Structure formats: C-alpha cells, structure tokens
Amino acid sequence: MPAIQLTPAQRKDKRADAHHLDPVVRIGAEGLTPAVRKEVDAALKAHGLVKVRVFSDDREAREQMLATLADTLNAAPIQHIGKLLVLWRPIPPKEKAERDDRMPGPKVVKVLKFSKSGNHRPQVKKVKVLGNQRLAAGGELKRARKRATSVKKKQAAG
C-alpha cells in the first residue's frame, strides 16, 4: 500500500503534467536493482514527477515494479501505460543556511541630473549601486566606508 493516496482528480492532473515529460530512468534486463531504486529516488527528490521506461515485455512484471517503487520510495503511482511508469512524490523543501556575514546586494537607483544652464530638462539616469558602493551628493558612485563614530561615543559605549 503506497504512503501517498491521491484522489482520481489529483491523479488526472498529475497525468496531464507528466504528458510532456521524457523518461528520466530506464529499467533494463537486470530489472529493479538497488541502483535503479537509488536513481528513481534521486529523480523524485529533484523533480517530484518522473517517468520511468521499462524494457520488458511482461505486463505483470511492470505492474509489480510500479507497486514496488511506490511502496519503497513512498511515492504515489500515477500511471502505467505501455512500458512507461509515472510516479509522483512531493519535492522536499530545501534548507537554506542563513549567513551572518552577508552584505547588501546590488540595487538600481534613479538619479536626477540637472542641466548647468537651467534651460533643459533634468535627465533621469538609472545607476546600479553595488553593496560596497554609495551614492554621493552629485549622483556619483563612491566606495562605501565605515561610518565614523565620535571618540565620546566610543568611550561611553566602552
């Protein structure tokens, strides 16, 4: 009995999603080996919905392979049509490690440059400011530097 039970409507949606997919795993004459199970598991982790092609003429063997893969990998059997098997399992969420040493990323800033004569319209320029840069008063990019704190504040904090 597979761990994931789908309603017929959900199974229909998954079949429609799998229609354009190509088989990512092929099962040859050796049958369902541990290496094949490992590859199907890796494909399910990466894609969620996978097609498997079985090069066997025995229909009962293919049905048994679909049931075995669904049970051992905690996946839902979606479809068995011809020599193609379709399996689905939700993709596990990827863990992201938060870094404390991250700096601000690049951002696009609009800068307004006025004409020297005053008769022309001001020009709007888009400037990309990187994390180690700052925008100076004249619209120029300069290197960012640590903000200087006064000696009195340093003594009060220390």
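Biologist: Two strands count as paired if DSSP finds at least two bridges between them. With that in hand, which residue takes a positive phi in the hairpin of strand 3 and strand 4?

Modeller: Gly82, with a phi near 65°. Two residues sit between the strands of that hairpin. Keep in mind that this is a predicted model.

Biologist: What pLDDT does the chain average?

Modeller: 88, and 97% of the residues score at least 70. Among the elements, strand 2 has the highest mean, 96. Helix 4 (residues 151-157) has the lowest, 81.

Biologist: In which sense do strand 3 and strand 4 pair?

Modeller: Antiparallel, over five bridges. Pro77 stands opposite Leu87 of strand 4. Strand 2 also pairs with strand 4 in the antiparallel sense, over five bridges. There, Leu49 faces Trp88 of strand 4.

Biologist: How many residues of strand 4 are buried?

Modeller: Five of the five, so strand 4 is largely enclosed by the rest of the structure. Leu84, Val86 and Trp88 point one way, and Leu85 and Leu87 point the other. In a regular strand the side chains alternate between the two faces of the sheet.

Biologist: What does Leu87 touch?

Modeller: Leaving out residues up to four places away in sequence, its contacts include Val40, Leu44, Leu49, Leu66, Leu69 and Ile78. Pro77, the residue opposite Leu87 in the pairing, is one of its contacts too.

Biologist: Which residues touch the most other members of the largest nonpolar core?

Modeller: Ile27, Val40, Leu44, Leu69 and Leu87, out of 18 residues in that core. Strand 1, helix 2, strand 2, helix 3 and strand 4 each give two or more residues to it. Apart from it lies another core, of eight residues, including Ile4, Leu6, Ile78 and Val86. In soluble globular proteins, nonpolar side chains tend to be buried together.

Biologist: Which residues of helix 3 are buried?

Modeller: Arg62, Met65, Leu66, Thr68, Leu69 and Ala70. What covers them includes helix 2 (34-47), strand 1 (25-27), strand 2 (49-54), strand 3 (76-81) and strand 4 (84-88). After helix 3 comes Asn74, with a positive phi near 55°.

Biologist: Last one. Where is Glu95, and is Glu95 buried or exposed?

Modeller: In the loop between strand 4 and strand 5 (107-113). Glu95 counts as exposed because its relative accessibility is 80%. Glu95 and Gly31 are 34 Å apart in space, C-alpha to C-alpha, and 64 residues apart in sequence.

Note on methods: Residues are numbered from 1 along each chain as its sequence is written. Side-chain values use heavy atoms; hydrogens and water are left out. Buried means under 20% relative accessible area, exposed over 50%, partly exposed in between (1.4 Å probe, protein chains only). Helices (H or I, at least four residues) and strands (E, at least two) are DSSP runs, numbered from the N terminus. Contact means heavy atoms within 4.5 Å. pLDDT is the predictor's confidence in each residue, from 0 to 100. A nonpolar core is a set of buried Ala, Val, Leu, Ile, Met, Phe, Trp, Tyr and Cys residues joined through side-chain atoms within 4.5 Å.
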